Amino acid sequence: MKIQILMKNILLIVVALVSIVCNAQRDTFENISEKNGKIGIGTNNPDELLTVKGKIHTQEVLVDLQGAVAPDYVFEWYAQGTSTLKSEYQLLPLPALEEFILEHKHLPKVPSAETLEKEGMSLKEMNLLLLEKVEELTLYTLKQQKEIDGLKEKLLELGE
């Protein structure tokens, strides 16, 4: 009798395990695909090592520069008049910047909305470009502050 109960329990456990294994193998991730060694999430045609069509939620993204130059060349150019990091770099004078914006409707080196829509842009490239623009804004602000300070001094002199 005890052997029969033991055998029934073993049989039930085996049936349960087989059932779990079969269901686990049947429940594939329908939104994940693989093609030519590339993984797609939300797409059946991945075009990179990992292609995700949809939103990604993460706490952090680490992007390696891999030979790209961080925009320290902007401040190096300002401090020294030239840059060893990027010898061709020049800060546009404000009138030339305004002329470019009026003609092209976007900042120099920044792709137009149309180009971004068609081609997208790498996170690394965009972050480096935006950092360059922030550093340039800092230089324009420093120049303006020097002009403001100079005008204040002239006003004080006139008031005396």
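Colleague: How many aromatic pairs does the count come to?

Modeller: A pair of aromatic rings is described by the distance of the centres and the angle of the planes. Rings of Phe, Tyr and Trp (its six-membered ring) pair if their centres lie within 6.5 Å, and planes under 30 degrees apart count as stacked, over 60 as edge-to-face and the rest as tilted. By this rule there are two aromatic pairs. One of them joins W77 and Y89, edge-to-face, at 5.9 Å centre to centre with 85° between the planes. Because W77 lies in helix 2 (residues 72-80) and Y89 in the loop between helix 2 and helix 3 (94-104), this pair ties together parts twelve residues apart in sequence; helices are DSSP runs of H or I, at least four residues, and strands runs of E, at least two, numbered from the N terminus. Y73, W77 and Y89 form one aromatic cluster.

Colleague: What should I keep in mind about the source?

Modeller: This is a predicted model, in which local features need pLDDT of at least 70 and side-chain atom pairs count only at pLDDT 80 or more, while totals for chains, interfaces and linings use all residues. Residues are numbered from 1 along each chain as its sequence is written, and side-chain values use heavy atoms, with hydrogens and water left out.
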